[in-house]
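Here is a short report on one protein model. Keep the sequence and the 3D view at hand while reading.

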Amino acid sequence: MTTKNITIEIPQGMEASPVAKCVQVASQFESKIYVEFDTKKVNAKSIMGMMALGIVPGQTVKVSAEGKDEQQAICSIEKYLGNK
């Protein structure tokens, strides 16, 4: 399992459109991917779960992935959420 803390840098935060794009990024991978914020842990491939986190720019989330492509998954999600 690979885990990384990522600070949200996308300007609009986790509104509907950015959440949908993040779910698309996560869905490209076979690995199980989760995003944790405060006491909530959700599947990164779930639009409803990701929306429920209510994340705004500047906040830090913990992203974890487990599977054969976990490194690539974490890297891609970091690129998107970190606006890199």
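## Salt bridges

A salt bridge here is a side-chain nitrogen of Lys or Arg within 4 Å of a carboxyl oxygen of Asp or Glu. The model is predicted. By this rule the count comes to two salt bridges. One joins the side chains of Glu-30 and Lys-68, at 3.5 Å from N to O. Glu-30 sits in the loop between helix 1 and strand 2, and Lys-68 in the loop between strand 4 and helix 3, so the pair ties together parts that are 38 residues apart in sequence. Glu-30 counts as exposed, at 60% relative accessibility. Lys-68 is exposed as well, at 71%.

The side chains of Glu-78 and Lys-4 form another salt bridge, at 3.1 Å from N to O. Glu-78 belongs to helix 3 and Lys-4 to strand 1, so this pair ties together parts that are 74 residues apart in sequence. Glu-78 is buried, with a relative accessible area of 17%. Lys-4 is partly exposed, at 33%.

## Helix 3

Helix 3 runs over residues 70-81 and has twelve residues. From its first C-alpha to its last it reaches 16 Å, close to the 16 Å expected at 1.5 Å a residue. Which residues of helix 3 are buried? They are Glu-70, Ala-73, Ile-74, Ile-77, Glu-78, Tyr-80 and Leu-81. These residues cover an arc of only 165 degrees around the axis, which puts them on the same side of helix 3.

What covers the buried residues of helix 3? The cover includes strand 1 (2-7), helix 1 (16-27), strand 2 (32-37) and strand 4 (60-66). Just after helix 3 comes Asn-83, with a positive phi of about 55 degrees.

## Helix 1

Helix 1 also has twelve residues, which should span 16 Å at 1.5 Å a residue; its end C-alpha atoms are 16 Å apart, which agrees. Its buried residues include Pro-18, Val-19, Cys-22, Val-23, Val-25 and Ala-26. They cover an arc of only 160 degrees around the axis, which puts them on the same side of helix 1.

On the other side of helix 1, Ser-17 and Gln-24 are exposed. Strand 2, helix 2 and helix 3 are among the elements that cover the buried residues of helix 1.

## The end of strand 2

Phe-37 lies in strand 2. Is Phe-37 buried or exposed? At 12% relative accessibility, Phe-37 counts as buried. Leaving out residues up to four places away in sequence, Phe-37 touches Leu-53, Ile-55, Gln-59, Thr-60 and Val-61.

Asp-38 is placed in the loop between strand 2 and strand 3 (40-43). At 70% relative accessibility, Asp-38 counts as exposed. Asp-38 is not a glycine, yet it has a positive phi of about 55 degrees. Most residues other than glycine have a negative phi.

## A nonpolar surface patch

Ile-47, Met-48 and Met-51 form a nonpolar patch on the surface. Together they have about 310 Å² of accessible area. Ile-47 lies in helix 2, which covers residues 47-53. At 41% relative accessibility, Ile-47 counts as partly exposed.

Terms used:
Residues are numbered from 1 along each chain as its sequence is written. This is a predicted model: local features need pLDDT of at least 70, side-chain atom pairs count only at pLDDT 80 or more; totals for chains, interfaces and linings use all residues. Side-chain values use heavy atoms; hydrogens and water are left out. Patches are made of residues with over 30% relative accessible area and no salt bridge: like charges are joined within 9 Å, nonpolar side chains (Val, Leu, Ile, Met, Phe, Trp, Tyr) within 5 Å. Accessible areas come from the Shrake-Rupley method with a 1.4 Å probe; for residues, only the protein chains shown count as cover. Helices (H or I, at least four residues) and strands (E, at least two) are DSSP runs, numbered from the N terminus. Buried means under 20% relative accessible area, exposed over 50%, partly exposed in between (1.4 Å probe, protein chains only). The expected span of a helix is 1.5 Å times one less than its number of residues. The arc is that of the directions from the helix axis to the C-beta atoms. Contact means heavy atoms within 4.5 Å.
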